[in-house]
Amino acid sequence: MRWREPLAAAERWLLPAECLACQQPAPGADDPLVCDVCRARWRAIAAPICPTCGEHLALTIACRICPDWPPDFGPVRSAVRLDDSVRRLLHRFKYQGWPRLAHSFAPPMTRLVASWDDADLVPIPLAPKRLRQRGYNQSEQLANALGAFAGLPVRPARLARVRETGTQTRLTPERRLANLAQAFRAAASSRPAILVDDVFTTGATLLSAASELLDRGAERVMAVTFARAELPLRLD
Ligand SMILES: [Zn+2]
Ligand SMILES: [Zn+2]
């Protein structure tokens with residue numbers, strides 16, 4: 001019957017039957033969505049990391065990601081390395097109606113922002129069309145959860161997405177940057193900002209948003225993401 005569908009959705013929202021990463025029927029002690037085994041497998045970005053962009057630096061002398069970033073952008077940090085399990089969780093977070101996963105992702109992010117000066121958390125905005133399709137902005141969910149844990153204000157109104165940029169995954173880094181130019185519009189403010197996003201891939205989205213906030217007066221822009229993709233073999 002039709003009425004069962006929304007009811008089932010509401011029940012799923014309240015009480016998942018299994019870990020959203022591994023499907024084992026074992027809710028975590030502190031986390032009803034992700035089991036303790038899956039959480040324990042989350043890997044921080046291995047040291048040493050670039051002090052600016054947060055990428056692992058083992059095989060390179062100079063960082064290949066951030067040499068052209070503006071001096072007032074950074075540090076950028078990510079909580080966990082993107083692997084298959086984390087990718088599955090992010091997919092559920094963004095596309096399968098589990099915005100509550102923000103509360104699973106926020107604790108390891110909270111540690112990363114603990115030493116940063118008081119700043120506004122600014123989620124990476126979605127284009128209005130995508131927001132309508134999804135019903136929520138996953139980055140704003142993350143920012144709200146992180147704000148609650150870290151005691152920082154969340155100010156989504158500081159940044160709007162004014163242009164649909166389409167899917168970025170098949171573009172080279174330069175094309176991504178060109179594609180993202182003027183994608184964001186910031187409100188004028190000198191307050192430091194911490195951009196919040198679910199995943200760091202090349203940093204192009206964060207760089208574009210940070211540049212706009214800096215252009216509109218922000219004293220400094222930092223950024224934090226839950227996950228970080230493996231460093232691409234070629235960035236040039
Ligand atoms: Zn699990
Ligand atoms: Zn770097």
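This note covers the zinc site, the nonpolar cores and the aromatic contacts of a predicted model.

1. Basis. In this predicted model, local features need pLDDT of at least 70 and side-chain atom pairs count only at pLDDT 80 or more, while totals for chains, interfaces and linings use all residues. Residues are numbered from 1 along each chain as its sequence is written, ligands are numbered from 1 in the order in which they are written, and side-chain values use heavy atoms, without hydrogens and water.

2. Zinc site. The SG atoms of Cys50, Cys53, Cys63 and Cys66 coordinate the zinc ion (ligand 2) at 2.2 to 2.3 Å; donors are N, O and S atoms within 2.8 Å of the metal (3.2 Å for Na, K and Ca). Angles of 96 to 118° among the 4 donor atoms make the site tetrahedral (four donors, all angles between 85 and 135 degrees). Along the chain the donors follow the spacing C-x2-C-x9-C-x2-C. Cys53 and Cys63, 10 residues apart, are both in the loop between helix 2 (36–41) and strand 1 (73–81); helices (H or I, at least four residues) and strands (E, at least two) are DSSP runs. Cys53 and Cys63 are buried (under 20% relative accessible area, 1.4 Å probe, protein chains only).

3. Nonpolar cores. A core here is a set of buried Ala, Val, Leu, Ile, Met, Phe, Trp, Tyr and Cys residues joined through side-chain atoms within 4.5 Å. The largest has 38 residues, and Leu90, Leu101, Phe105, Ile194 and Phe226 have the most contacts inside it. Elements giving two or more residues to this core include helix 3 (84–95), helix 6 (138–150) and strand 5 (193–200); helix 4 gives the largest share, 5 residues. Leaving aside neighbours within four places in sequence, Leu101 is in contact with Leu20, Leu33, Val34, Leu89, Arg92 and Phe93 (heavy atoms within 4.5 Å). Another core, of 29 residues, lies apart and has Cys53 and Ala186 among its members.

4. Aromatic pairs. The structure holds 5 aromatic pairs, defined by ring centres within 6.5 Å, with planes under 30 degrees apart stacked, over 60 edge-to-face and the rest tilted. Phe93 and Phe105 are edge-to-face, at 5.2 Å centre to centre and 85° between the planes. Phe93 lies in helix 3 and Phe105 in helix 4, so this pair ties together parts 12 residues apart in sequence. Phe105 is also stacked with Phe226, at 4.0 Å and 20°. Phe226 lies in strand 6, so that pair ties together parts 121 residues apart in sequence. Trp42, Phe93, Phe105 and Phe226 form one aromatic cluster.

How values were computed:
Four donors count as tetrahedral if all angles lie between 85 and 135 degrees; four count as square planar and six as octahedral if opposite donors are over 155 degrees apart and all others between 65 and 115; anything else is irregular. Buried means under 20% relative accessible area, exposed over 50%, partly exposed in between (1.4 Å probe, protein chains only). Rings of Phe, Tyr and Trp (its six-membered ring) pair if their centres lie within 6.5 Å; planes under 30 degrees apart count as stacked, over 60 as edge-to-face and the rest as tilted.
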